[in-house]
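Open the structure in your viewer and keep the sequence panel beside it. The tour goes from one selection to the next and says what is there.

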Amino acid sequence: IQISITKFRAQHGIHPSVDLQNLEEALTSQGPSDTYSQGELLLELNRQYVLRGNFSRAEDILAEAADLVYKHKNKRQIATLNLRMSYM
């Protein structure tokens, strides 16, 4: 639930000054077994970096997300990932 709240706040700009930091902290606090949450956080981090104009960091995160998402074959995340790749 905490991951969903963090992601929601970032998506809707509730606390824009700390959104990136909260997403990064949530990502590092995840265990290796929660790949769905990791994928969601990586996809939102990519979106946030694109919105802020940091395309090189967004591209790095997208590559990391691609490895994780394609490896675990979550169809919803694959669709979002493909959309983000085409946007980049």
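Is the crossing of α4 and α5 left-handed or right-handed? The crossing of these two helices is left-handed; a crossing has that name if the near helix is turned anticlockwise from the far one by less than a right angle, and it is right-handed if clockwise. The tour comes back to this pair after a look at the whole chain.

**Before selecting anything**

This is a predicted model, in which local features need pLDDT of at least 70 and side-chain atom pairs count only at pLDDT 80 or more, while totals for chains, interfaces and linings use all residues. Residues are numbered from 1 along each chain as its sequence is written, and side-chain values use heavy atoms, with hydrogens and water left out.

**Stop 1: the whole chain**

Show the protein chain as a cartoon. There are five helices and zero strands in it, so from the N terminus on the elements run α-α-α-α-α, where helices (H or I, at least four residues) and strands (E, at least two) are DSSP runs numbered from the N terminus. Along the principal axes, the C-alpha atoms fill a box of roughly 30 × 30 × 20 Å. The radius of gyration, taken over C-alpha atoms, is compared with a globule rule of 2.2 Å times the number of residues to the power 0.38. A compact globule of 88 residues would have a value near 12 Å, and the protein chain has 12 Å, which agrees.

Next, colour the chain by accessibility. Of the 88 residues, 40% count as buried; buried means under 20% relative accessible area, exposed means over 50%, and partly exposed is in between (1.4 Å probe, protein chains only). Contacts can be looked at too, where contact means heavy atoms within 4.5 Å. Among contacts between residues at least 6 apart in sequence, 49% join residues at least 24 apart.

**Stop 2**

Two packed helices are described by the angle between their axes and the distance between the axes. Axes are lines fitted to C-alpha atoms, for helices over the stretch in contact, and angles run from 0 to 180 degrees between N-to-C directions.

Select α1, residues 2-12, together with α2, residues 19-29. These helices pack at an angle of about 155°, with their axes 9 Å apart. α1 and α2 are therefore roughly antiparallel to each other; angles under 35 degrees count as roughly parallel, over 145 as roughly antiparallel, 65 to 115 as roughly perpendicular and the rest as oblique. Their crossing is left-handed.

Show the side chains of the contact: Ile-3, Thr-6, Lys-7, Arg-9 and Ala-10 on α1, and Asp-19, Asn-22, Leu-23 and Ala-26 on α2. They divide into four nonpolar, two polar and three charged residues. Here Ala, Val, Leu, Ile, Met, Phe, Trp, Tyr, Cys and Pro count as nonpolar, Asp, Glu, Lys and Arg as charged, and the others, Gly among them, as polar.

**Stop 3: α1 with α3**

From α1, the contact takes Ile-3, Lys-7, Ala-10 and Gln-11; from α3, it takes Ser-37, Glu-40, Leu-41, Glu-44, Arg-47 and Gln-48. Three of these residues are nonpolar, three polar and four charged.

**Stop 4: Lys-7**

Now pick Lys-7, which lies in helix α1. Is Lys-7 buried or exposed? Its relative accessibility is 16%, so Lys-7 counts as buried. Leaving aside residues up to four places away in sequence, Lys-7 touches Leu-23, Glu-40, Glu-44 and Arg-76.

**Stop 5: α4 with α5**

Select α4 (55-72) and α5 (75-87). Their axes come within 10 Å and cross at roughly 155°, and the helices are therefore roughly antiparallel to each other. The contact is made by Leu-62, Ala-65, Ala-66, Val-69 and Tyr-70 of α4 and by Gln-77, Ile-78, Leu-81, Asn-82, Arg-84 and Met-85 of α5. By kind, the residues of this contact are eight nonpolar, two polar and one charged.

**Stop 6**

Go to Lys-73, in the loop between α4 and α5. What is phi of Lys-73? The angle is near 55°, a positive value in a residue other than glycine. With 64% relative accessibility, Lys-73 counts as exposed. From Lys-73 to His-15 the sequence separation is 58 residues, and the C-alpha atoms are 32 Å apart.

Finish at Ser-86, in helix α5. Ser-86 is exposed, with a relative accessible area of 61%. The C-alpha atoms of Ser-86 and Gly-39 are separated by 17 Å, and the two residues are 47 residues apart along the chain.
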